Amino acid sequence: MTVFELEQCIETYGKEVYSFCLHLTGAREWADELYQDTFLTVMEHIMQLHNDGGANPKSYLLSVAIRLWKNKRRKAAWRRRIAPEQSMDAPGGEVLTGETELTDSIETEVLRAEERRQVQRAVDTLPEKYRVVVLLYYMEELSVAQIASLLHVPGGTVKSRLHQARKLLRQQLEVLLDE
Amino acid sequence: MSKKLDKLLATALTPDVQPERALNEQILRRAKEEAQMKEEMKNGLKKRGAWSGKRAVATAVIAAAVLVVGGGTTYAAWRYLTPQEAAAELQDKKLMDAFSGEDAIFVNETQTYGDYRTTLIGIVSGKDLTDYAMTTGGEVRADRSYWLLAIEHVDGTPMPDTGSPEYGKETFLTSPFIQGLEPWKYNIYTFGGGYSEFVQDGVMYRMAECDDLELFADKEVYLCLADENSVGVIGEAYNYDETTGKITRNEAYDGCNALFILPLDRAKADPKKAESYLRSLEKTPEEEQEEMDKELEHLPESQRKEMEEGEAQTEALGAFVETLTVENIDELCEKVAGSEVVVNVDWDSDWVEYSTSGEAGSSGGMAMSDFKLLFPDDSPCISVQSFGISSGGADGAVSASISVLRRYEDGTITCADYVPKDLNL
């Protein structure tokens, strides 16, 4: 892969990959590192992407990110002990994720932002194996088959994890869902 | 309810967080460097005609690092910690953020001289970039530059860990130099420098800092790494061209004298501020005294008390010394056994060099004195050369010592140390 191709790849998938990294790692600094390593790894192994013959580049990028994260997790856990984890909430309580739609009243807008924040927090607290599936399904809009292929697990396992994740989220978001 | 949950999740998890522009730029920069390095490796390997494939590339990185002994080169240093990681290791969150921002410059240049391979990994400059701000006279030095160096042994032996007894035996000086300013006069000492360091995987990481270097970005700004921690090494290891103001390595220097030119953004230069900053470095004695007083004000109470006590004791000893005469010195003081040495004076010479290096207890050293002035006639006389106070021992006892030149009745002149008998300090 040339640097030019890499640039195009970042341009096309940067936002999706970065959002995924942010929710996967739970902190900006780790997301930055994972995001960077993902693209540099892809640059190194890009022949694999070409050889995949029509494989979804986004799926490939996400699979690299997941694989790298698995390798980094232990190191990250250690590092968090010496450098307190940075919250995804920016100073002042502004949520880093999400551009708000300014179509409704300010009050509705604030409520929606709060709703999003609650959902994001609930997802962030899911066990990792459920969180990954939820992020791939809802954030990256991959199909169950694509997720199964990316994670190298049977489709039934993906469905089961999604089911389990929804169950946990329903419990956490009960108030929101009852409204 | 299930559809509502699906909708909530889909809305809340829209991938809408953009990575920082600097992060994308950093990836592309690293990708370019890696591509260039691979190309260089490939060319090098072709010449050798020995290795091929991916495994050879990994080996070649190490080989290349060894091959550059005695010269400078630029290639990516993937195996080192990033400045962000080093800042995390130093538990400096603000600095970690600074190195993740747009102002950070990633240099990744390696130079190998003497026994050491030095890599300048990156530098960042700006205001309030650290959790551990340096203060002078109680005032925070806010505008600073921070740079990260990786230092390794060329022979591959690991640098001693900071907990090892070997740590500290090999010392280094990293300092900025500015084109047009004499490096022995303007360096990390004058620029309020400091550093933190740690060792990981046999590599020493030094995060150094000093006042903002970007002020000088319209000139060549250098960073050095020499294998001796003293200002004296600067004159030995580096050359200063008085015509061009440029600083270069002294090729004849037998040791490590790496010198990096910083790729600073010239647009960030501030000649007026730089001039005012340089003026501030050249303080009058009154200004220096004022600054010292200010620093004293901010010392911890215990330290300040200690210093004030020391001053009072010195003052008391000074007053005591004033009362000493050849007649009362033996009554008021006790000569330190073995400290007295005879001074041979050449009376034809105005200034005489004499030695006071006596035996046990003597303060020792060389001095010059105008003996004709000290001893204008043949009568017995004393002249106090110096006096001082020292404290030590388990009980922290204070002791005073007075160095005296004495002319005896027979014309012999000696130098000896005396201790006051009953002076309560």
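This is a predicted model: local features need pLDDT of at least 70, side-chain atom pairs count only at pLDDT 80 or more; totals for chains, interfaces and linings use all residues.
1. Two strands pair if DSSP finds at least two bridges between them.

2. Strand S8 of chain B covers residues 194–200, and strand S9 of chain B covers residues 203–211. They run antiparallel and are joined over seven bridges. Within this pairing, Tyr195(B) sits opposite Ala208(B) of S9(B). In a regular strand, side chains alternate between the two faces of the sheet.

3. Look next at the turn of this hairpin. Two residues lie between S8(B) and S9(B). Asp201(B) has a positive phi there, near 50°.

4. Now the contact between the chains. Chain A contributes 40 residues and chain B contributes 30 residues. H2(B) supplies the largest share, nine residues. By type, the side of chain B that touches chain A has 17 nonpolar, eight polar and five charged residues.

5. Is helix H6 of chain A largely enclosed or open? H6(A) spans residues 128–139, and nine of its 12 residues are buried, so the helix is largely enclosed by the rest of the structure. The cut-off for buried is 20 or more other C-beta atoms within 10 Å of the residue's own.

6. The buried residues of H6(A) include three tyrosines, Tyr130(A), Tyr137(A) and Tyr138(A). After H6(A) comes Glu141(A), with a positive phi near 55°.

Conventions: Residues are numbered from 1 along each chain as its sequence is written. Chains are lettered from A and ligands numbered from 1 in the order in which they are written. Two residues are in contact if their C-beta atoms, placed from the backbone, lie within 7 Å. Helices (H or I, at least four residues) and strands (E, at least two) are DSSP runs, numbered from the N terminus. Ala, Val, Leu, Ile, Met, Phe, Trp, Tyr, Cys and Pro count as nonpolar, Asp, Glu, Lys and Arg as charged, and the others, Gly among them, as polar.
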